Amino acid sequence: MIIDDVHEADEETLALLGRAAGVQGVPLLVMAAYRQGHADSRLAPTMAALARRDPFRVVLTGLDVTEVRTLVRSLCGREADAEV
């Protein structure tokens, strides 16, 4: 189960995330992505509950200009100009 932009999730989605993370006895991978600077106090109880499950956390940072150029070149097969 993948939930993106958890920092904007409504109460029902946060409840679903919390319950899914607690499922046992079946193979289930739960992935949740959020922007740390955008998370508010509504997300705190869910994050606390998930922390008790010993999650594997990956902190992603943005790409710099060179990395973006490399990504665009590899995906599009050509260079992108500075305006793009």
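Buried means under 20% relative accessible area, exposed means over 50%, and partly exposed lies in between (1.4 Å probe, protein chains only). Keep those cut-offs at hand for every stop below.

**Before you start**

This is a predicted model, where local features need pLDDT of at least 70, side-chain atom pairs count only at pLDDT 80 or more, and totals for chains, interfaces and linings use all residues. Residues are numbered from 1 along each chain as its sequence is written, and side-chain values use heavy atoms, with hydrogens and water left out.

**Stop 1: the whole chain**

Show the chain as a cartoon. Three helices and two strands make up its secondary structure. Helices (H or I, at least four residues) and strands (E, at least two) are DSSP runs, numbered from the N terminus. Trace the elements from the N terminus and you read β-α-β-α-α. The radius of gyration is 17 Å, well over the 12 Å that the globule rule gives for 84 residues, so the chain is more spread out than a compact globule. That radius is taken over C-alpha atoms, and the rule is 2.2 Å times the number of residues to the power 0.38. Along its principal axes, the C-alpha trace spans about 50 × 30 × 20 Å.

**Stop 2: surface and charge**

The chain exposes about 7,000 Å², and carbon and sulfur atoms supply 56% of that. Accessible areas come from the Shrake-Rupley method with a 1.4 Å probe; for residues, only the protein chains shown count as cover. Of the 84 residues, 14% count as buried.

Now colour by charge. There are 9 positive and 13 negative side chains, and the centres of the two sets lie 6 Å apart. Lys and Arg count as positive, Asp and Glu as negative; His and the chain ends are not counted. Each charge is placed at NZ of Lys, CZ of Arg, CG of Asp or CD of Glu.

**Stop 3: confidence**

Colour by pLDDT, the predictor's confidence in each residue, from 0 to 100. The chain's mean is 87, and 100% of its residues reach 70 or more. Confidence is lowest in helix α2 (residues 44-51), at a mean of 84. It is highest in helix α3 (residues 65-76), at 92.

**Stop 4: two aspartates in loops**

Select Asp5, in the loop between β1 (2-3) and α1 (11-21). Its phi is positive, about 55°, although Asp5 is not a glycine. Asp5 is partly exposed, with a relative accessible area of 32%.

Next, select Asp54, in the loop between α2 and α3. Asp54 also has a positive phi of about 55° without being a glycine. At a relative accessible area of 67%, Asp54 is exposed.

**Stop 5: helix α2**

Select Pro45, which sits in helix α2. Pro45 counts as exposed, at 54% relative accessibility. Pro45 and Leu14 are 31 residues apart along the chain; their C-alpha atoms are separated by 9.3 Å.

Move on to Thr46, also in helix α2. Thr46 counts as buried, at 11% relative accessibility. Leaving aside neighbours within four places in sequence, Thr46 is in contact with Leu14 and Leu17. Contact means heavy atoms within 4.5 Å. Across the chain, residues 24 or more positions apart account for 62% of the contacts with a separation of 6 or more.

**Stop 6: helix α1**

Finish at Thr13, in helix α1. Thr13 is partly exposed, with a relative accessible area of 26%. Draw a distance from Thr13 to Ala39: they are 26 residues apart in sequence and 14 Å apart in space, C-alpha to C-alpha.
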